[in-house]
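Please read the briefing below alongside the sequence and the 3D structure. The notes are grouped by topic.

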Amino acid sequence: MEPFRCHSGKVALLDRANVDTDQIIPKQFLKRIERSGFGPFLFYDWRYREDGSPNPEFELNWPEFQGASILVTRRNFGCGSSREHAPWALSDYGFRVLIAPSFADIFHNNCFKNGMLPVVLSEADVEQIFCQARQHLPYELTVDLENCQISDRYGLAFEFRVDEFRRRCLLEGLDDIGLTLQHEDKITAYEKRRGII
């Protein structure tokens with residue numbers, strides 16, 4: 001997993017609350033088990049019309065949000081079923097940071113396990129980002145995980161909290177396998193004692 005320390009990028013706004021995982025990645029695209037290749041199907045039912053053409057009314061299709069790597073949205077993002085494909089699709093699309101007042105628990109945990117940083121800010125702080133972004137499109141933020149700070153070039157600055165264990169894993173680029181491999185010498189010694197190798 002790629003380490004995450006500080007990320008600056010363009011912001012996309014998704015002004016919707018209670019976005020569930022079936023909207024993030026609809027069920028018909030869950031047949032694959034690889035983590036890549038899901039980006040084209042992100043928000044599929046909202047991004048495309050029935051004839052397959054892009055829906056110009058959907059936010060992520062707006063020109064000013066193209067190439068965004070930070071998604072700012074409303075409360076309870078990632079609710080619904082626990083499918084890990086949802087963070088896979090967001091990451092494959094290009095998002096590194098998600099900012100919202102709240103996330104569904106399992107989705108929140110899955111983001112960390114897949115190298116994305118979900119940042120929880122108050123409703124008022126998120127609203128302030130929405131206001132700033134609308135005034136300065138295209139809009140960029142810098143998200144500094146080492147110092148747990150978010151800022152823009154116009155003087156906006158917030159601090160955020162993140163579980164220290166999850167923070168360390170992202171900073172060091174460690175997923176569950178990477179964490180396990182930190183104990184490779186002990187695992188090997190155990191296997192030798194047991195005659196496994």
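**Contacts of T21**

T21 touches G78, C79, G80, S81, R83, A86 and F107, leaving aside residues up to four places away in sequence; contact means heavy atoms within 4.5 Å. This is a predicted model, in which local features need pLDDT of at least 70 and side-chain atom pairs count only at pLDDT 80 or more, while totals for chains, interfaces and linings use all residues. Residues are numbered from 1 along each chain as its sequence is written, and side-chain values use heavy atoms, with hydrogens and water left out.

**Setting of T21**

- T21 lies in helix α1, residues 21-24; helices (H or I, at least four residues) and strands (E, at least two) are DSSP runs, numbered from the N terminus.
- T21 is buried, with a relative accessible area of 2%; buried means under 20% relative accessible area, exposed over 50%, and partly exposed in between, with a 1.4 Å probe and protein chains only.
- T21 and D51 are 30 residues apart along the chain, and their C-alpha atoms are separated by 23 Å.

**Overall dimensions and surface**

- The protein has eight helices and seven strands.
- Taken along the principal axes, the C-alpha atoms fill a box of roughly 65 × 45 × 25 Å.
- Of the 197 residues, 45% count as buried.
- Among contacts with a separation of 6 or more, 65% are between residues 24 or more positions apart.
- The accessible surface comes to about 10,400 Å², and 48% of it belongs to carbon and sulfur atoms; accessible areas come from the Shrake-Rupley method with a 1.4 Å probe, and for residues only the protein chains shown count as cover.

**Nonpolar core**

- In soluble globular proteins, nonpolar side chains tend to be buried together.
- The largest nonpolar core has 56 residues, and those with the most contacts inside it are F43, F77, L90 and I99; a nonpolar core is a set of buried Ala, Val, Leu, Ile, Met, Phe, Trp, Tyr and Cys residues joined through side-chain atoms within 4.5 Å.
- I99 touches I70, L71, V72, T73, V119, L121, V126, I129, L141 and I150, again not counting residues up to four places away in sequence.

**Helix α3**

- In helix α3 (residues 85-93), the residues H85, A86, P87, W88, A89 and L90 are buried.
- The cover over the buried residues of α3 includes α1, β2, β3 and α4 (105-113).
- G94 follows α3 and has a positive phi, near 125°.

**Helix α5**

- Helix α5 (residues 123-135) has 13 residues, which at 1.5 Å a residue should span 18 Å; its end C-alpha atoms are 19 Å apart, which agrees. The expected span is 1.5 Å times one less than the number of residues in the helix.
- The buried residues of α5 are V126, I129, F130, Q132 and A133.
- Seen down the axis of α5, these buried residues fall within an arc of 165°, so they line one face of the helix; the arc is that of the directions from the helix axis to the C-beta atoms.
- On the other side of α5, A124 and Q135 are exposed.
- The buried residues of α5 pack against β1 (6-14), β2 (70-73), β3 (97-100), β5 (140-144) and β7 (157-159).

**Strand pairing around β5**

- β1 and β5 pair in the antiparallel sense over five bridges; two strands pair if DSSP finds at least two bridges between them.
- The bridge partner of S8 in β5 is T142.
- β5 also pairs in the antiparallel sense with β6 (residues 149-151), over three bridges.
- The bridge partner of T142 in β6 is S151.

**Backbone exceptions**

- Most residues other than glycine have a negative phi, and most peptide bonds are trans.
- N76 is not a glycine, yet has a positive phi of about 60°. N76 lies in the loop between β2 and α3 and is partly exposed, with a relative accessible area of 27%.
- C148 takes a positive phi near 55° in the hairpin of β5 and β6, which has four residues between the strands. At 14% relative accessibility, C148 counts as buried.
- The peptide bond from L137 to P138 is cis, with omega near -10°. P138 is in the loop between α5 and β5.
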